[in-house]
Amino acid sequence: MNVPAILALAALSLGAAQAQTAPAQLLPPAPLLLPLDSRPATRVLPALIANLRGPDGIGAQAAVVPAALLGDATRGADPAALAGWLAAQPTDRPLVAALDALAYGGLVQSRTSTLSAEQALARLAPIREWAARTGQPVYAFVTLPREPDATDRARNLAVARALVGWAREGVFRELHVTWDDALPGNPAPQEGAALAADAPANVRVYPGADEVLSMLVARARAPQPATVRIEYSDPEKAKTVVRYEGIPLIQSAVNHAEASGYTVAPTGVADLTLYVYNGGDPRRAALRVSALLRAGAVAVADVNQVNLGNVRLWSDLSTLRQNANLRALAAWGTPGNNLGTALAHAKVALPAAGVAANPVRQDALLAREYANDVIYSAELRAALRKAVPEAALNTPQAQDKLLSLARDYFPLRLGGTYSLEDARLPWGRSFEWDFDLQPR
């Protein structure tokens, strides 16, 4: 092992030891997580963000619903199984919950469920009962479905309206009402505006879906005040309406920042700079990120293309050896997905009250984000689609091909070096993969 690598590992180990000895009483307890469905972006990523802080050991890690109990593209979650899981959990932690999982079986099922509003609310009774029984805070969200998939918008809106009433009663510490994929013609923005008009202070309404559980994790796990300054690679383009949000990018960024627990600082020094790559010269963007890192904490959200990281931007950042210095990075989904997950990760990664994120876990999470958001989204997915037809991806042969193709992109080095141990397509499609990285 060379000297720089030894020094990097020593720094990680020292930081980890310091994080282990930080006063645990300053940390909010690790939450219970009820994800939207079983996808890695909605289940694995929020748990990893929740686990950035605090010592190792029982009670220091977030408890998350097992993937087998959650819904997927074709099968909804069993509400009785989810209620049973919740009833068996410790009662001394906050709960962070995607209410669509319990009410309808998941995000996909929320669009087509035949349940009435009364039946959906009855499925949510365990959340209300848990809050009353434990006295612990509940951070929750519910979505307004996308068009044209929604088959009973009136039902979904009635459920959301009833949950706003629950928030007014104090069932939720926070309730976020979000809408999914706001393409032209989707009435969700108007529905959301009507809900927001008389909502209590603990209700937020904005576009979002897959990223929201991570953002609520930041609210629960890192409630300390923090400021963020947002910078764009193309400031003029940021003023235009962005796809899947139905609002200008600058407004979406503010929405996601405030919903994650930040105060947005228009100018001057802030605890975090969120650099949003939304077009232009990627090399110039990489140099700007490098300059910003010399002044303070930086997270990068790459939103120029949906579900596709910019290879040149991330290659130049790698050449500059700056990827490992970021507080967070995101390039995996829609603009809102990327803004929300980058801001949430960074919020928990920022030091607060003398407690810093565990540096070993922080580096491992950055490595996972890079492997997913850059390697897979920008390169590996295309190679897989070229090698295997989409209709044949839900086969053992396709899984084997994925692993074979993926090995060419590893080992991956950030602060530490990571090898790829396994790779799979959990929903039998090319949109997302799941994988295991191991430090060397």
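This is a predicted model: local features need pLDDT of at least 70, side-chain atom pairs count only at pLDDT 80 or more; totals for chains, interfaces and linings use all residues.
Residues are numbered from 1 along each chain as its sequence is written. Local features need pLDDT of at least 70 and side-chain atom pairs count only at pLDDT 80 or more, while totals for chains, interfaces and linings use all residues; side-chain values use heavy atoms, with hydrogens and water left out.

**Exercise 1.** Find out which strands pair with strand β7 and in which sense.

*Solution.* Start by locating β7 at residues 226-232; strands (E, at least two residues) and helices (H or I, at least four) are DSSP runs, numbered from the N terminus. Two strands pair if DSSP finds at least two bridges between them. Next, look at strand β8 (residues 262-264), which pairs with β7 in the parallel sense over three bridges. Here Ala-226 has Tyr-262 as its bridge partner. Then turn to strand β9 (residues 272-277), parallel to β7 over five bridges.

**Exercise 2.** Work out which side chains meet Arg-153 in salt bridges.

*Solution.* Use the cut-off: a side-chain nitrogen of Lys or Arg within 4 Å of a carboxyl oxygen of Asp or Glu. Step one gives Glu-147, at 3.0 Å, N to O. Step two gives Glu-191, at 2.8 Å. This second pair links distant parts of the chain, helix α8 (residues 153-169) and helix α9 (residues 188-197), with the two residues 38 apart. Both Arg-153 and Glu-191 are buried.

Notes. Buried means under 20% relative accessible area, exposed over 50%, partly exposed in between (1.4 Å probe, protein chains only).
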